[in-house]
Amino acid sequence: MLESWTRIPTISSLSYPRHRPLFYFLGLSFILVGLYYHFIAPTSVVTRDEVFDTPTPQLPDRIWDERAAQVRQAFEHAYHGYEQYAMPHDELKPLLDKPIDNFNGWGVTLVDSLDTMLLMGLDDEFTRALAVVDKADFALPKNQFAPFFETVIRYLGGLLSAYALSNNTVLLHRADDLALKLDTVFNTTSGFPFFAVNTVTGFTRGPQLGILAEIASLQMEYTYLAKATGKMQHARRAGKIIKALSEANLDRTGGMFPVRWNISSSEPYDSHMSVGAQADSAHECKFPQSESKFPQSEMIRDGS
Ligand SMILES: *[C@@H]1O[C@H](CO)[C@@H](O)[C@H](O)[C@H]1NC(C)=O
Ligand SMILES: *[C@@H]1O[C@H](CO)[C@@H](O)[C@H](O)[C@H]1NC(C)=O
Ligand SMILES: *[C@@H]1O[C@H](CO)[C@@H](O)[C@H](O)[C@H]1NC(C)=O
């Protein structure tokens, strides 16, 4: 054991002189590569102007049409699989051809796909999905709770975006119905939503600390719903949250919104920040909102 160990060459025994040309070669290569990247290689940092000033390639319409047809085919392949094996459940397990309910069991795939069907002109699929939506009661067993954030971005957002594209009032009524069934989720002193709510009993669930994305990603859905229904109460839910966020003391984070918030006091909990997971969708929803101070009141006026 000891003997074999002693035979392992040490750095100094690596016969440096014999490999001298190799060392020179590697050193020179290193310097040349460094010079290339420093002076010659195109920079990989794309500026904002480069992105926005680059004209769309002038391709013949035929090529765009072919590409659109391929995208539509891919959607049809996936969606017809869902229709055949999983509808009206939430999702298809594609290797088992079995359904699975991970999002309240109200058919999240079909609701989330309504606007895509409209954009792609898939009227038959849309009509079939609409029949399921029309019958949805958004019920849950007593011991099950709808995660508020997921339910808003997938179901409420899916219904409202399809309504915006179609003006089909079935979609708007279902969206209003769903929002009312979720409404006790805002029963906190701050108006920040709880993590989850039962749509039948109104009981809520969740920790006292909330995640920025889950607290503040309802802005577009709730203000648009208020505008489309004329019901100011939906906009008030969204407005109260934006107001609390804009009045929060952000000294610890230099004016930035941290990820974790106390949903009772509407105060920032710590100074951990993110523009990615746990925060991103809140920033997306908030920035269009903050252009003027409370645009929702103007939206209501326009819409009523
Ligand atoms: C929906 O209604 C709006 C407002 O009346 C109108 O501008 C839009 O063209 C309609 N869209 C469809 C698809 O009917
Ligand atoms: C709202 O919260 C209060 C205080 O926790 C509670 O007494 C009340 O029952 C709740 N209301 C609903 C509709 O959940
Ligand atoms: C949240 O705020 C409430 C009210 O100010 C306070 O009683 C509670 O301790 C806070 N919770 C946490 C986890 O900081």
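Ala, Val, Leu, Ile, Met, Phe, Trp, Tyr, Cys and Pro are counted here as nonpolar, Asp, Glu, Lys and Arg as charged, and the others, Gly among them, as polar. By this division, the shell around ligand 3 holds one nonpolar residue, four polar residues and no charged ones. The residues that surround ligand 3 are Gln 208, Leu 209, Asn 262, Ser 264 and Ser 265. The structure described is a predicted model.

Leu 209 lies in β6, which spans 209–211, and Asn 262 lies in β7, which spans residues 260–262. The sheet is open and has three strands in the order β6-β7-β8, with antiparallel pairing. Its edge strands are β6 and β8 (267–268), each of which pairs on one side only. Strands β7 and β8 run antiparallel and are joined by two bridges. Within this pair, Trp 261 stands opposite Pro 268 of β8.

A further open sheet of three strands is ordered β3-β4-β5, and its pairing is also antiparallel. Strands β3 (146–147) and β5 (204–205) stand at the edges with a single partner strand each, so one side of each has no neighbour in the sheet. The antiparallel strands β3 and β4 (residues 196–197) are connected by two bridges. Pro 147 is placed opposite Ala 196 in β4. In general, the strands of a sheet pair through backbone hydrogen bonds, in either a parallel or an antiparallel manner.

Two packed helices are described by the angle between their axes and the distance between the axes. Helix α8 covers residues 148–166, and its axis comes within 8 Å of that of α9, with a crossing angle of roughly 160°. Angles over 145 degrees count as roughly antiparallel, and α8 is therefore roughly antiparallel to α9. The two helices cross in a left-handed sense. On the α8 side, the contact is made by Phe 148, Thr 151, Tyr 155, Leu 156, Leu 159, Leu 160, Ala 162, Tyr 163 and Ser 166. These meet Leu 171, Leu 172, Arg 174, Ala 175, Leu 178, Ala 179 and Leu 182 of α9. By class, the contact of α8 with α9 comprises 13 nonpolar, two polar and one charged residues.

Helix α9 (residues 169–182) also packs on helix α11 (residues 219–229); their axes come within 11 Å and cross at roughly 125°. The pair α9 and α11 is therefore oblique. The crossing of α9 and α11 is left-handed. From α9, Leu 172, Ala 175, Asp 176 and Ala 179 take part, and they meet Leu 225, Ala 228 and Thr 229 in α11. The residues of this contact divide into five nonpolar, one polar and one charged.

Val 152, Leu 156, Gly 157, Leu 160 and Tyr 163 of α8 make the contact with Glu 221, Tyr 224, Leu 225 and Ala 228 of α11. Seven nonpolar residues, one polar residue and one charged residue form the contact of α8 with α11.

Two backbone features occur in loops. Most residues other than glycine have a negative phi, and most peptide bonds are trans. The peptide bond from Met 87 to Pro 88 is cis, with omega near 5°. Pro 88 lies in the loop between α4 (61–85) and β1 (91–93). Asn 104 has a positive phi, near 75°, although this residue is not glycine. Asn 104 is located in the loop between β2 (98–100) and α5 (108–112).

Key. Residues numbered from 1 in each chain as written. Chains lettered and ligands numbered in written order. Predicted model: local features only at pLDDT ≥ 70, side-chain atom pairs only at ≥ 80, totals over all residues. Pairing = 2+ DSSP bridges. Helix = DSSP H or I, 4+ residues; strand = E, 2+ residues; numbered from the N terminus. Axes fitted to C-alpha atoms, helices over the stretch in contact; angles between N-to-C directions. Parallel < 35°, antiparallel > 145°, perpendicular 65-115°, else oblique. Left-handed = near helix turned anticlockwise from the far one by under 90°. Contact = placed C-beta atoms within 7 Å. Near = placed C-beta within 6 Å.
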